[in-house]
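Student: I would like to go through this model and ask what stands behind each label.

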Amino acid sequence: MYYNKHYFNLFIFCFMAGWLFSCEDTLETWQETKHIISPPSEKTIAFLSYNHTLCISNNKRTKYFHLTFYPATEHDWSPDKHWLCFVKDFQIWKIKYNGRENRRLTPLQMTCEMPRFSPDGRKIIFLANRDSPTEFIADIYIINSDGSNLKKITSSSMISDGYEYNFGWPDWLKKGRDIIFCYGKVRIDPLQFKSHVAILNLETNKLRVISSIDEFLPFFPRPSPTRDEFLFVREISRQYGGTDIYRSNLDGTEVIKLTDNGHSWFPDWFYNGEKFIYNYTDENRNATMRVMNRNGTGDQQLKIDHNIFGRSPNW
């Protein structure tokens with residue numbers, strides 16, 4: 001009996017040790033012993049592999065490297081492309097382009113998604129779950145890129161109509177003083193759900209809703225790094241699905257449809273704002289990467305080391 005209890009205690013100790021290891025502030029990363037990873041250029045792309053490991057291309061896009069051997073989700077380059085922020089197990093992490101340095105930035109009690117570096121690289125904006133044990137109801141938070149000074153910047157009360165709202169897909173405008181994001185009412189029939197795009201000035205807390213594009217059921221806004229315009233994804237049908245990519249001015253004027261296949265999503269701008277990369281889901285439900293000029297011309301499939309598949313491409 002003593003030995004059975006002893007082995008049981010040993011099992012519990014090993015289990016807890018493994019759990020504690022998973023809660024540490026650093027992670028074991030994929031070690032590329034055959035290649036020296038050069039500092040990224042403006043052409044280097046980060047993306048998720050078919051099994052959701054975080055990868056980057058080399059500067060000529062003739063090879064790609066796994067930075068992680070564990071699943072990751074949303075990710076974003078720092079402005080100098082020396083760091084990536086990403087989500088693992090609903091925590092925000094930061095990793096260097098060569099995989100040699102990494103650290104967790106957010107507290108373990110938070111459930112986090114969708115991080116984006118500020119234009120100066122000093123802050124990261126992201127979503128985190130409001131205090132709800134049964135559903136994901138998110139607000140937008142800001143944290144310094146070293147993990148300090150965590151601050152919540154949205155709440156349902158800022159909409160001022162008495163409803164509770166979910167916030168999503170935050171990003172920074174080019175000067176770093178404003179953010180753009182989506183919001184929508186919670187606990188309503190999914191077929192009746194409507195998303196809205198708004199811009200919040202972080203210095204004045206002034207909110208501006210871009211209501212003229214509400215008819216497109218917009219989400220995933222991505223502001224241009226050089227112009228007063230943004231890309232967004234339109235949900236074609238709440239009931240039957242389908243998505244295409246559009247471009248609009250920040251005031252909601254001059255809305256232009258850029259894709260017309262019903263399977264385009266996850267757009268991200270090139271550094272000069274002249275083109276963007278996006279995901280296209282083919283007939284076999286594979287996520288391929290494509291590149292298009294900002295005016296909708298020059299659409300072409302992107303290959304990295306003869307591989308056309310990759311999710312959530314980030315330039």
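The turns below set values against definitions.

Tutor: This is a predicted model, in which local features need pLDDT of at least 70 and side-chain atom pairs count only at pLDDT 80 or more, while totals for chains, interfaces and linings use all residues. Residues are numbered from 1 along each chain as its sequence is written, and side-chain values use heavy atoms, with hydrogens and water left out.

Student: Why is Ile-125 called buried?

Tutor: Buried means under 20% relative accessible area (exposed is over 50%, partly exposed in between; 1.4 Å probe, protein chains only). Ile-125 has a relative accessible area of 0%, so the word applies. Ile-125 belongs to strand E9, residues 123-129; strands (E, at least two residues) are DSSP runs numbered from the N terminus.

Student: What is Ile-125 in contact with, beyond its neighbours within four places in sequence?

Tutor: Contact means heavy atoms within 4.5 Å. By that test the partners of Ile-125 include Met-114, Arg-116, Ile-140, Ile-142, Pro-170, Trp-172 and Ile-179.

Student: What makes E9 largely enclosed by the rest of the structure?

Tutor: Six of the seven residues of E9 are buried, so the description holds.

Student: How do you know that E8 and E9 pair?

Tutor: Two strands pair if DSSP finds at least two bridges between them. E8 and E9 have four bridges, in the antiparallel sense, and Glu-113 stands opposite Leu-127 in E9. In their hairpin, with five residues between the strands, Gly-121 takes a positive phi near 75°. E9 also pairs with E10, antiparallel, over seven bridges, where Ala-128 has Asp-139 in E10 as its bridge partner.

Student: What makes E16 mostly covered?

Tutor: Six of its six residues are buried. E16 (218-223) is joined by four antiparallel bridges to E17, residues 229-235. Pro-218 is bridged to Arg-234 in E17, and five residues lie between the two strands of this hairpin.

Student: What counts as a pocket here?

Tutor: On a 1 Å grid over the protein atoms alone, a pocket is an open set of points where a 1.4 Å probe fits, with protein on both sides within 12 Å along at least five of seven lines; lining residues have an atom within 4 Å of a point. The largest pocket holds about 540 Å³, the volume being the space filled by probe spheres set on the points, which are joined across faces, edges and corners. Its lining has 24 residues, with Asp-76, Trp-77, Pro-79, Arg-116 and Pro-225 nearest the centre.

Student: How does the lining of the largest pocket divide by class?

Tutor: Twelve residues are nonpolar, four polar and eight charged. Ala, Val, Leu, Ile, Met, Phe, Trp, Tyr, Cys and Pro count as nonpolar, Asp, Glu, Lys and Arg as charged, and the others, Gly among them, as polar. The second largest pocket, about 370 Å³, has five nonpolar, five polar and eight charged lining residues.
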